[in-house]
Amino acid sequence: MNILSIAIKEMKHDFRDRRTLLFMLGFPIVLMLILGLALTNAFSSEISVGDVKVAVKDATGGGPLSEAFAGFAKEVGKTGVTFEPLKPGANGREEVENNHVSGYVELTNQGISLYGSSRDAIESNIVQGMLASFTDKYNAAAAVARIEPAKTEMVLATGGSDYIRELSVDANRTPGSVDYYALAMTVMVGMWAAMGAGALIQGEVLRGTAVRLVIAPIRKSEIFVGKMLGGIISNLLCVMVIILFSKYVFKAYWGHHMGVVIAVLVSEVVMAMSLGLAGSYLLKGTASRGVISLVVQLMSFFGGAYFPILDDEGGGLMGFLVNLSPIRWANHGLTQVIYADNVSAAWPVLMLNIGFAALFLGVSILAMRRREGL
Amino acid sequence: MNILDIRGLTKKFGDFVAVDNMSLTIREGEIFGFLGANGAGKSTTINMISSLLRPTSGEIRILEKDIAKQSRFAKTNLGIVPQDLAIYEDMTAYENVSFFAGLYGLRGDKLKERAEEALEFVGLSDKAKSFPKNFSGGMKRRLNIACAIAHKPKLIIMDEPTVGIDPQSRNYILTSVRKLNESGCTIIYTSHYMEEVEEICSRIAIVDHGKIIAEGTKEQLKSTITDVKDIRIELKSVQGTEGELLKPVPGVRTVLQEENVIRVHSDAAVDNLNRILKQLMDAGKEIRSVEEQEPNLETVFLTLTGRNLRD
């Protein structure tokens with residue numbers, strides 16, 4: 001009962017402190033909106049490719065390759081890739097360099113040469129893929145022609161115009177900018193619990209009320225658990241508000257495993273509270289709050305709360321710092337849960353959070369028992 | 001019955017001995033004045049009685065139960081009014097009182113009744129739903145008292161409950177202390193205002209360097225210093241050099257300054273008033289009045305400790 005009344009008192013403090021509450025809820029929501037809108041393009045996976053123009057110089061003097069290529073050019077012309085003869089006197093490579101065309105093809109009796117443009121890498125890749133497909137088919141037809149010339153046409157006709165087949169892996173399930181920041185901000189707010197926890201005991205000492213709590217006929221453990229419980233519930237309510245706001249106002253995608261997502265966030269809040277508490281015991285005085293705030297901000301920065309940090313940026317010192325951030329663990333795990341339906345990705349995050357929470361709580365309990373008063 | 005028994009109490013912080021083998025007995029129904037200058041050891045003693053600090057050695061008994069062994073019993077019968085305000089500014093007066101009273105096992109209607117009673121006792125019933133952040137200093141001090149008495153403790157420790165408040169609130173608090181005492185509470189009262197202690201305390205202990213150097217009723221304490229006289233001299237202006245000026249006069253022990261008045265404590269057996277006045281006049285001091293007073297508690301304190309209570 002004492003635990004409950006201390007927890008309720010703690011929640012009253014949290015929800016009556018309008019300035020902190022506004023910061024806890026307003027800041028992430030505003031940031032979600034601003035960053036989500038500002039970085040929309042950075043998260044877009046759509047690339048529009050217009051008509052692709054390729055210059056062709058046929059130096060074969062006619063013949064099977066020339067004929068086959070004409071058929072190929074006619075076929076792919078329907079997809080927006082046009083092969084046009086190189087103008088007399090023009091230099092094909094210079095045409096590419098000057099960006100007049102996306103590629104230049106030379107047909108000789110030795111084979112086909114393609115000069116692509118590094119400026120239009122995607123267009124060049126498309127042309128390269130089509131030509132590779134064409135040469136495979138032409139080589140097969142040439143081999144058949146040597147044995148059974150009558151069936152050459154049939155080989156060239158196989159597959160029709162299917163020179164490029166587009167395949168994508170669940171293209172609709174990649175996070176947009178609002179989705180990304182909804183998750184990142186929620187995880188960051190969960191981690192902010194550490195800052196509140198840093199003042200959990202310090203606050204009572206500074207207010208002078210620690211005296212009244214210690215002289216009351218209750219155990220120190222009841223004070224400790226009550227305060228932790230109140231802090232955890234308050235922070236979780238803030239996290240839930242951010243989730244619901246992002247889901248229903250910003251239409252952020254939270255996947256089909258909300259229970260798992262919430263479980264991860266609960267473990268994160270418990271770990272953050274334990275971290276803040278341990279920090280306040282180990283770094284005595286008001287300085288602890290500054291140190292804890294700094295640590296949380298660094299965790300947010302390296303954890304990708306303000307801008308996405310990709311996996312391939314994970315090398316060296318940066319990679320080391322990135323992987324130390326609990327925000328990174330949670331972001332990474334929850335992205336897998338939400339976008340790849342990979343529920344098992346939550347387990348390592350849960351285990352890490354619970355493990356560190358146990359460690360920090362152990363440190364806090366030891367420090368509390370050794371200390372006179374709170 | 002003894003409500004508090006302290007035997008051989010010692011508290012050391014490293015090499016510093018804050019409380020030195022102190023023994024003290026307080027009987028039920030007393031208002032006990034606990035006097036000492038800053039750093040004398042009274043707060044450390046109070047903190048050990050309230051279980052905020054663990055004694056290095058010695059024993060504390062509340063209602064004949066050792067607080068180290070039966071701390072729950074001791075805590076239930078103890079109420080503390082700390083020197084610094086110990087209230088939540090963002091909780092209403094009622095919420096403050098009922099929260100702290102709830103920690104003493106009070107629930108439901110009984111809790112409500114006791115919280116309302118405590119607020120009424122300190123004259124804050126009409127402010128029950130107000131937040132202390134909007135209270136005056138005196139009202140906050142009264143709420144501080146209400147939080148300590150709602151669970152009806154038998155022993156209440158009041159550590160300078162009237163610091164920094166207006167005379168009206170101070171009178172209210174002093175009246176409340178008397179009423180609490182009349183209702184059966186034993187009170188340990190510390191203050192830097194000697195006149196308060198003199199007015200309400202039935203017995204007084206003077207603490208210095210972690211030891212009780214004198215103990216008894218105010219009359220008993222005053223009777224211990226018959227060898228000292230207290231001369232009050234009002235000057236036109238005081239420069240602060242008067243102490244040095246009067247030190248060479250035979251019999252002068254201490255010189256205190258209070259605005260335009262200097263108070264000279266001197267050996268009663270030495271007839272030195274004329275020499276004191278001559279010394280002042282030779283230094284160009286303009287004397288407005290001279291009065292020889294009966295020793296009061298302040299004289300006792302000064303004589304015994306060599307320090308002013310507010311030092």
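A residue counts as buried when its relative accessible area is under 20%, as exposed over 50%, and as partly exposed in between. This briefing covers salt bridges in a predicted model. Over all chains, the structure holds 26 salt bridges. Side chains of opposite charge can pair when their charged atoms come close.

**Chain A: a pair within a network**

- A:E10 and A:K227 form a salt bridge through their side chains, with an N to O distance of 2.7 Å.
- A:E10 and A:K227 are both buried.
- A network of salt bridges links A:E10 and A:K227 with A:K9, A:E204 and A:R207.

**Chain B: B:K140 and B:E89**

- The closest N and O atoms of the salt bridge between B:K140 and B:E89 are 3.4 Å apart.
- This pair links distant parts of the chain, 51 residues apart: B:K140 is in helix α5 (residues 137-149) of chain B, and B:E89 is in the loop between β6 (78-81) and α3 (93-102) of chain B.
- B:K140 has a relative accessible area of 15% and is therefore buried.
- B:E89 counts as partly exposed because its relative accessibility is 29%.

**Chain B: B:R7 and B:D5**

- B:R7 and B:D5 are joined by a salt bridge whose closest N and O atoms lie 3.1 Å apart.
- B:R7, at 40% relative accessibility, counts as partly exposed, whereas B:D5, at 13%, counts as buried.

Notes: Residues numbered from 1 in each chain as written. Chains lettered and ligands numbered in written order. Predicted model: local features only at pLDDT ≥ 70, side-chain atom pairs only at ≥ 80, totals over all residues. Heavy atoms only, no water. Salt bridge = Lys/Arg side-chain N within 4 Å of Asp/Glu carboxyl O. Buried < 20%, exposed > 50% of the residue type's maximum accessible area, 1.4 Å probe, protein only. Helix = DSSP H or I, 4+ residues; strand = E, 2+ residues; numbered from the N terminus.
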